[in-house]
Every structure is written in C-alpha cells, then in structure tokens.
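Here are my notes on the model you sent over. Have it open next to you while you read.

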Amino acid sequence: MTAQPERVRPPGGETPFTPERLIGDPLYGEALRQAALHMVAIHDAAPRIVRYTASLRKWLLTQAILTLHFERLTDPSRPELTTARLVDFIAGNNVASKNTAAAHLAEMRNYRLLLDAQPGGDRRIRPLILSDLAEGLIRQWFDGHLSSLDRLDEGTRLAQSQTEPTLMHHALPRAMRRLIADPAWCDPPESVASFVSTAATSCTTWWHGCRRMSCPISGFGSDR
C-alpha cells in the first residue's frame, strides 16, 4: 500500500492561500490531479458549452460575465449585466477588445447560457441573466476546486458551499476581479501566451495534469 504524504499545516493553522504554500504542500500534486479529473469530466459531459472557457481569453471573458451577474444578484443596487456594461468592463481591464467581448456574449446568448431578463429594447442595454444550465455548470467547477483545496488541509469549503449555495455568488466575483486586475493573467509572457491562447488550452492542461500524476484518461497513461 502506497504511503500517503503527510499534511503539513501552516504555522498557527491558517489556510495556505499563497501560491508558495500550495505548491510546497506534499498533497498538492494529488489535489491537482483531483481537480484535473473533475474538469475533464465536466468537459466530457458538456463539450459544446465548456468551449466558452477553452482558451485563457475566453475563460476571462466568461468569468467577467459571471462576475457582473453575481454582483448584481447579491447587490440589487449594482447595475444589471448588459452587453454595453460588459464591453466597458472588459475594455477597461484590457482583457479583450470590445468586439471580442460583444461577440463572446452574443454566442453565449445564442446557446441560451445567458437569457434576456426582459423582452424588447436595445440589445446593447437589455438586461441579461445567467441560465440555470450555466449556473449549474459553474457550480460544478466552483465546488470541484473547493474539494481539491479541502484535500490539502482537511478544510470544510465544499461542505460550506453545499450548505450555503450563495457562497459562490459572493466568492467568485471577488476572486475574479483580483485575477482580471493582474497583468500576469490578462497579458501573460509570450512563452505562456502562445499556449493559453489556443482553443484546446483547457483540455490539454487538464489532460497533462492527470498524465503527470500517472492517471489514465480515455486510454492515455503516463507512458504516452
């Protein structure tokens, strides 16, 4: 029987949120493998929808849409999600061009991942809401990552999310605004950008993560 790596708790028992602590944790590889398996399963279940997060740019655009939607959901005093507001937000944070942002939102609308909150009016200022299908998928993504983090420190993040489903509505926008404001995410080095800009980025990353951890997926093992 293979011995399990010993969990190393940070001094004082605080949660290891820093990248250095996460990477240095002896269970980091296993947690990464768990997350990769979860992401591959979501992709296999809904490949057409998951392509909206296929590249880093698409992932950031989709996360920006979720951020604006959830911020409005938790605070009705905030502006509603509209095409015009998304375009301004994306352009203001150098995530993508205005045309790219508008086209991405329109495609999500066509596949009914986004729905009109009310009919009629100018499409640029017509309020939009997330469909139940889209929210169900993002919840799978969110809870899957919480489960992987729990593996590192025996935390209760997943249990809290399942007990309080609105936790995602508050947590995701806070995390995404920090990432979108980080130039390393929106404008990565060329060596990274050439990889994360492709449509196969997410699948390749997940598969590679599992492969590195000797986890066979669809017939592929660590020896291929």
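1. Core first. The largest nonpolar core has 38 residues, and Leu86, Ile90, Val95, Leu114 and Trp141 have the most contacts inside it. Such a core is a set of buried (under 20% relative accessible area, 1.4 Å probe, protein chains only) Ala, Val, Leu, Ile, Met, Phe, Trp, Tyr and Cys residues joined through side-chain atoms within 4.5 Å. At least two residues each come from α2, α4 (56–74), α5 (83–92), α6 (98–110), β2 (128–130), α7 and α9 (167–180). The largest share, 9 residues, is from α4. Helices (H or I, at least four residues) and strands (E, at least two) are DSSP runs, numbered from the N terminus.

2. Ground rules. This is a predicted model, where local features need pLDDT of at least 70 and side-chain atom pairs 80 or more, while totals for chains, interfaces and linings use all residues. Residues are numbered from 1 along each chain as its sequence is written, and side-chain values use heavy atoms, leaving out hydrogens and water.

3. Trp141 again. Leaving aside residues up to four places away in sequence, Trp141 touches (heavy atoms within 4.5 Å) His38, Met39, Ile42, Trp59, Gln63, Leu172 and Met176.

4. The helix pair. The axes (lines fitted to C-alpha atoms, over the stretch in contact, with angles from 0 to 180 degrees between N-to-C directions) of α2 (residues 28–45) and α7 (residues 132–153) come within 8 Å and cross at roughly 165 degrees. That makes α2 roughly antiparallel to α7 (over 145 degrees).

5. Leu37. Leu37 sits in helix α2, and its C-alpha atom is 9.6 Å from that of Gly144, 107 residues apart along the chain.

Terms used. Angles under 35 degrees count as roughly parallel, over 145 as roughly antiparallel, 65 to 115 as roughly perpendicular and the rest as oblique. Buried means under 20% relative accessible area, exposed over 50%, partly exposed in between (1.4 Å probe, protein chains only).
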